[in-house]
Amino acid sequence: IGDKWMPMLPLLIILLLYTPLRCFSTVQAHLIEAIGMPKREAFLLIFELLFIIGLLFLFIPLYGVTGAALSVFISRSSTIFFRTTIVNKAVGVTWKQTIKTIYYQFIATLLMVVAVWLSKHALFSDPSILNMFLLIIIGVLVYITTICIIDKKIIIQAKEFIAPSIRSVFK
């Protein structure tokens, strides 16, 4: 792809961090509305909006488009704690249980990132579409393998989920 895209790297990193955060936050927002607390969710959204406006005025003059992405990331991050607390109370889950649930995915993601980075620098330093696809395959394999090793229950759950589908195909 070349060096001309290097200035976009900070923006890409912020967006890569923002994507899972956004998914997590969106699910929490829908849960808060579903359990009958739409006013709390509306308050959190208004807070995010006001916070993002302030951050945009601060960061765009300093960092341009990257500052805008950073503003969105920080604004959304600021309400994750509150959303998680509301959802945890509603469903009777502790913070320890929540962190334990996320822990396995975090470890697998971290190992995947390290494996892809090492592979890129050791094996695939030449930028090409083929190398990009190979790095994606390495990332997927490392992530799935790590999850299966760390959380053996997931294999049992996958079998319980997949087995009925396979049986129905061969009936």
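**Exercise 1. Determine which helices each supply at least two residues of the lining of the second largest pocket, and describe that lining.**

Step 1. Helix 4 and helix 6 each supply at least two residues of this lining, helices being DSSP runs of H or I with at least four residues (strands are E runs of at least two), numbered from the N terminus. The model is a predicted one, in which local features need pLDDT of at least 70 and side-chain atom pairs count only at pLDDT 80 or more, while totals for chains, interfaces and linings use all residues. Residues are numbered from 1 along each chain as its sequence is written, and side-chain values use heavy atoms, with hydrogens and water left out.

Step 2. With five residues, helix 4 gives the most to the lining of the second largest pocket, which includes Gln97, Tyr104, Asp151 and Ile154. On a 1 Å grid over the protein atoms alone, a pocket is an open set of points with protein on both sides within 12 Å along at least five of seven lines, and lining residues have an atom within 4 Å of a point.

Step 3. Sorted by class, the lining of the second largest pocket holds two nonpolar, four polar and three charged residues; Ala, Val, Leu, Ile, Met, Phe, Trp, Tyr, Cys and Pro count as nonpolar, Asp, Glu, Lys and Arg as charged, and the others, Gly among them, as polar. The volume of the second largest pocket is about 220 Å³, a volume being the space filled by probe spheres set on the grid points, which are joined across faces, edges and corners.

**Exercise 2. Describe the volume and the lining of the largest pocket.**

Step 1. The largest pocket has a volume of about 2,200 Å³, and of the 46 residues that line the largest pocket, Ile13, Leu16, Leu17, Met112 and Val113 are the closest to its centre.

Step 2. Helix 1 (9-34), helix 3, helix 4 (95-122) and helix 5 (129-150) each supply at least two lining residues of the largest pocket, and helix 4 has the largest share, 16 residues.

Step 3. The class count for the lining of the largest pocket is 31 nonpolar, twelve polar and three charged residues.

**Exercise 3. Describe how helix 3 packs with helix 2 and with helix 1.**

Step 1. The axes of helix 2 (residues 38-63) and helix 3 (residues 65-91) come within 7 Å and cross at roughly 155°, so helix 2 is roughly antiparallel to helix 3. Axes are lines fitted to C-alpha atoms, for helices over the stretch in contact, and angles run from 0 to 180 degrees between N-to-C directions; under 35 degrees counts as roughly parallel, over 145 as roughly antiparallel, 65 to 115 as roughly perpendicular and the rest as oblique.

Step 2. The contact of helix 2 with helix 3 involves 17 nonpolar, six polar and five charged residues.

Step 3. Helix 1 and helix 3 pack at about 30° with their axes 9 Å apart, which means that helix 1 is roughly parallel to helix 3. The residues of the contact of helix 1 with helix 3 divide into 18 nonpolar, five polar and three charged.

**Exercise 4. Are Ile32, Gly54 and Lys171 buried, partly exposed or exposed?**

Step 1. Ile32, in helix 1, is buried at 0% relative accessibility, where buried means under 20% relative accessible area, exposed over 50%, and partly exposed in between (1.4 Å probe, protein chains only). The C-alpha atoms of Ile32 and Thr84 are 52 residues apart along the chain and separated by 9.5 Å.

Step 2. Gly54, in helix 2, is partly exposed at 40% relative accessibility.

Step 3. Lys171, in the segment after helix 6 (153-169), is exposed with a relative accessible area of 84%.

Terms used
1 Å grid on protein atoms, 1.4 Å probe; cavity = no way out; pocket = protein on both sides within 12 Å on 5 of 7 lines; lining within 4 Å.
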